[in-house]
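This report goes through one chain, beginning with a single residue and widening to the chain as a whole. The sequence and structure come next.

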Amino acid sequence: MPIFTPGRRWQPAYSPFKQETLGHRLLENIEYAIKGPLFGCRMCGNCMLQETAFICPMECPKGLRNGPCGGSTPEHCYVDKTRPCIWYKIYERAFKLGREEKLLEVLPPLDWEKVGTDTWADVAACVKKNGTSKVLKSLILDQGENRYKTWDLIFRTVRQPDWWQGDDQYHAPAYTEPMSNLEKAFKEGQFVVACEIAPPLSVSTKKLIENINLVKPYVTAINFTDNASATPRMTSWACSKIAIENGAEPVMQIAARDRTRASLQGEILGASAMGVRNVLAITGDSPVLAPTPRGRMDINDLDAIQMIWILRRMRDEGHYLDGREIKFPPKFFLGAAAAPFASDPKFQAIREHKKVNAGAQFFQTNLVYDIERMEIWLNELAKRNILDKVYIMIGITPLKSAKMTRYMTQVPGVFVPDPIIKRMEEADKAGNALEEGAQIALELITKIKGYEKQGIHGLHIMPVGWEDIVPRLVTETGLLPPGFAAPQPIPEKIAR
């Protein structure tokens, strides 16, 4: 186990992708001989120990470089339960050292041309560029802020290449008129309701279209998942296109797990050209949740925050990651996932803050069954002064059985209080579990609506195959959209 980085090494060090000179190979071996035992270094070629409390984030099985995933826990990594969540450990140490604000800097993805090579040569080159004697004099003789500025000048230049230039500042959208009906509803002050529909498992779209038409009058937008649980289904962009054709507004999910930086940029152009105006960027579930044979589980090319950073710059600055100009940039309202119960609320608030700074304009949260704990998370967001910079939709899934309730307690990032578990178990025995699940959902929605003036702007219903419940939940809680018109019954002959 590395001395300063808890947890065993997930993978051995990378090897360079090109032939190196003897001098470079020697320097690489020296750096690895020192940083390997100390930090579990994998020789990623872009060291970030300065910003991550001297715990290497490459110990994360997903390779996440900007914070934990939505499944982080204090106990263990959900991908590999034999080891700790490395990002939870980074947060713990950063708070102890008073360095938590360092975690807000948006860090770049790996430059695979540099992977397997040393970082020390880059540091030395930067020192030389700024004057070796000047830098050493400042580091030795200066105190406080002056010394820090010199230190930061060197290491920030190394970790933030010209093609990335990440920072820790808030980046507001560069446009004023709403990009979508969803954004328009938020800006008008509506308490917005969105609904999630799972994409079909085959090419048949009959049930998908039926579900779209069923919920369409009751919600502002419909979210389509992107291979949830790393299990293949119809793509989110295809479902989004079908929704548009049927008069509904989609929220297209994009999971980093299945994207390279090239495919991400190409896909957003295509989606925007098809009329998709809402995009939700998520890291995505690990393939450990998928059926076998499982895909690559050791690293993502991008994480959600890096995706948000890239997408915002494509839209607002009109250029690709490589710097090329986009003559007609994509247009979209950019969202992200939030997880109130994934870890310590103050840790999670930093993760959410970082997403907002990077460009997230709305959040769809993981499932909420505990309103008091949700309020604690909301208060932590308020302390970070970001509630006026992002629209928040709270996630709700109506429970259908005691078995489903017990399963939810095992889902990473979800917490179900004991009283709800007990209610569903008793209802199961009495044979009225569906009705009890509906009543619990109605109660939760009513409580969530009470936070409308306190940072909550809407509801995100995830019915998990129970789309028939959506009209009832929206109607009985008084959340029908403005101008609601009851759908006309479909003639029996056509319905067949």
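Ser-229 counts as partly exposed because its relative accessibility is 29%; buried means under 20% relative accessible area, exposed over 50%, and partly exposed in between, with a 1.4 Å probe and protein chains only. Ser-229 is not a glycine, yet its phi is positive, at about 60 degrees. Its place is the loop between β2 (221–224) and α8 (236–245). Helices (H or I, at least four residues) and strands (E, at least two) are DSSP runs, numbered from the N terminus.

The model is predicted: local features need pLDDT of at least 70, side-chain atom pairs count only at pLDDT 80 or more, and totals for chains, interfaces and linings use all residues. Residues are numbered from 1 along each chain as its sequence is written, and side-chain values use heavy atoms, with hydrogens and water left out.

**Backbone features**

Met-43 also is not a glycine and has a positive phi of about 60 degrees. This residue sits in the loop between α1 (22–39) and α2 (86–96). With 5% relative accessibility, Met-43 counts as buried.

A cis peptide bond leads from Thr-292 to Pro-293, with omega near -5 degrees. Pro-293 belongs to the loop between β4 (278–282) and α10 (304–317).

Pro-345 is part of helix α11 (residues 345–358). Its relative accessibility of 22% makes it partly exposed. Contact means heavy atoms within 4.5 Å. Neighbours within four places in sequence aside, Pro-345 is in contact with Ile-376, Trp-377 and Glu-380.

His-76, in the loop between α1 and α2, counts as partly exposed at 23% relative accessibility. Leaving aside neighbours within four places in sequence, His-76 has contacts with Lys-81, Arg-83, Pro-84 and Cys-85.

The table gives a C-alpha to C-alpha distance for each of these two residues.

| Pair | Separation in sequence | C-alpha to C-alpha distance |
|---|---|---|
| Pro-345 and Leu-378 | 33 residues | 8.5 Å |
| His-76 and Ile-86 | ten residues | 8.7 Å |

**The chain as a whole**

The chain has 17 helices and eight strands. Its C-alpha atoms fill a box of roughly 80 × 55 × 45 Å along the principal axes.

Of the 496 residues in the chain, 54% are buried. Among contacts between residues at least 6 apart in sequence, 78% join residues at least 24 apart. The accessible surface comes to about 22200 Å², and carbon and sulfur atoms account for 55% of it; the areas come from the Shrake-Rupley method with a 1.4 Å probe.

The chain has 63 positive and 58 negative charges, whose mean positions are 3 Å apart. Lys and Arg count as positive and Asp and Glu as negative, while His and the chain ends are not counted. Each charge is placed at NZ of Lys, CZ of Arg, CG of Asp or CD of Glu.

**Confidence**

The predictor's confidence in each residue is pLDDT, from 0 to 100. Its mean over the chain is 92, and 97% of the residues reach 70 or more. Over residues 492–496 pLDDT stays under 50, and the model has one contact beyond four places in sequence for them. Where pLDDT is low, predicted coordinates should not be read in detail.
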